[in-house]
Amino acid sequence: TGHCTSNPNTAHVCIQCAGQFVVALVSDSAGGGPGASSHEVWVDYVVLQPGAWGRFAGLNARRDVAETLRAMGVKIIRLGGSFCSVTPDNGKYYQWQRWTGPVWARPSVGAHWDSYGKNAYNLVGGWGPFEMIDYAHALGAEPVITTTETSSPEEFADLVEYCWGDAGSTTMGQKRAADGHPAPYKLRYIELGWV
């Protein structure tokens, strides 16, 4: 199946699926006879990706894309755009705090592209600023993240401490470690986005 969408004068994206993920539960109470029944299963979060052979540096990122970026000599990667977009809540949806911790437990899951065209589809919940920081460092590039203007000065201070704070003695460093990343993120550049 395929899904194509576009925003006039801004972007065009097509997603093509070559396979399916199907789960079925079948109850065979009578050896497949009249008592047999099937049940629906709702799967909360699924990621289909290549094995280690197709991923880059053990991350949830494609190896071929990383090799292309390296061949191009990319030395800096910025994650911005949607992280300062207009949303019904003035960008609070993209607060950095919503992108920490396990991907499947984040309130950011369900983030979408193309909301302006009223043809939105979920796509970016599993890839946020902290995945990009690890990816950029693995590439040997400098990461830059854009933040939303809805952050308070205290929340920006928490972001710095979340990235750099000691995992044993600072509140946000302890949170980062509990989120599965005991080492600092080593983020040196933050862009303030506004709409």
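## Starting at Thr-100

The side chain of Thr-100 comes within reach of the backbone oxygen of Gln-97, at 3.2 Å. Thr-100 also makes a polar contact of 3.4 Å with the side chain of Lys-175. A polar contact here is a pair of N or O atoms within 3.5 Å; within protein, one must be able to donate a hydrogen and the other to accept it, and residues adjacent in sequence count only if both atoms are side-chain atoms. This is a predicted model, in which local features need pLDDT of at least 70 and side-chain atom pairs count only at pLDDT 80 or more, while totals for chains, interfaces and linings use all residues. Residues are numbered from 1 along each chain as its sequence is written, and side-chain values use heavy atoms, with hydrogens and water left out.

Where does Thr-100 sit? Its place is in the loop between E5 and strand E6 (112–113); helices (H or I, at least four residues) and strands (E, at least two) are DSSP runs, numbered from the N terminus. Is Thr-100 buried or exposed? Thr-100 counts as buried, at 9% relative accessibility. The scale runs from buried (under 20% relative accessible area) through partly exposed to exposed (over 50%), with a 1.4 Å probe and protein chains only. Leaving aside neighbours within four places in sequence, Thr-100 is in contact (heavy atoms within 4.5 Å) with Arg-106, Phe-130, Tyr-162, Lys-175 and Asp-179.

## The overall picture

Stepping back, the protein has four helices and nine strands. Along the sequence they follow the pattern β-β-β-β-α-β-β-β-α-β-α-α-β. Of the 195 residues, 31% count as buried. Among contacts with a separation of 6 or more, 51% come from residues 24 or more positions apart.

H2 is mostly covered, with eight of its 11 residues buried. The buried residues of H2 pack against helix H1 (63–72), E5, E8 and H3. Phe-130 itself, leaving aside neighbours within four places in sequence, is in contact with Trp-96, Trp-99, Thr-100, Leu-159, Tyr-162, Cys-163 and Tyr-185. Ala-138 also lies in H2, but Ala-138 is partly exposed, with a relative accessible area of 26%. Not counting residues up to four places away, Ala-138 touches Phe-56, Ala-57, Leu-59 and Arg-70. Just after H2, Gly-140 takes a positive phi of about 85°.

## Charged pairs

Side chains of opposite charge can pair when their charged atoms come close. How many salt bridges does a search of the whole structure find? The search finds four, a salt bridge being a side-chain nitrogen of Lys or Arg within 4 Å of a carboxyl oxygen of Asp or Glu. One of them joins Lys-175 and Asp-179, at 3.1 Å from N to O. Both partners are partly exposed: Lys-175 has a relative accessible area of 33% and Asp-179 has 21%.

Another salt bridge links Arg-188 and Glu-142, whose closest N and O atoms are 2.7 Å apart. Arg-188 lies in the loop between helix H4 (171–178) and strand E9 (189–193), and Glu-142 in strand E8 (residues 142–148), so this pair ties together parts that are 46 residues apart in sequence. Arg-188 counts as exposed at 54% relative accessibility, whereas Glu-142 counts as buried at 18%. A further salt bridge brings together Arg-62 and Asp-64, at 2.8 Å from N to O.

## On the surface

The protein exposes about 12200 Å², and carbon and sulfur atoms supply 57% of it. These accessible areas come from the Shrake-Rupley method with a 1.4 Å probe; for residues, only the protein chains shown count as cover. Val-160, Trp-164 and Ile-190 make a nonpolar surface patch of about 280 Å². Patches are made of residues with over 30% relative accessible area and no salt bridge, where like charges are joined within 9 Å and nonpolar side chains (Val, Leu, Ile, Met, Phe, Trp, Tyr) within 5 Å. Trp-164 has its place in helix H3 (residues 153–164) and is partly exposed, with a relative accessible area of 43%.
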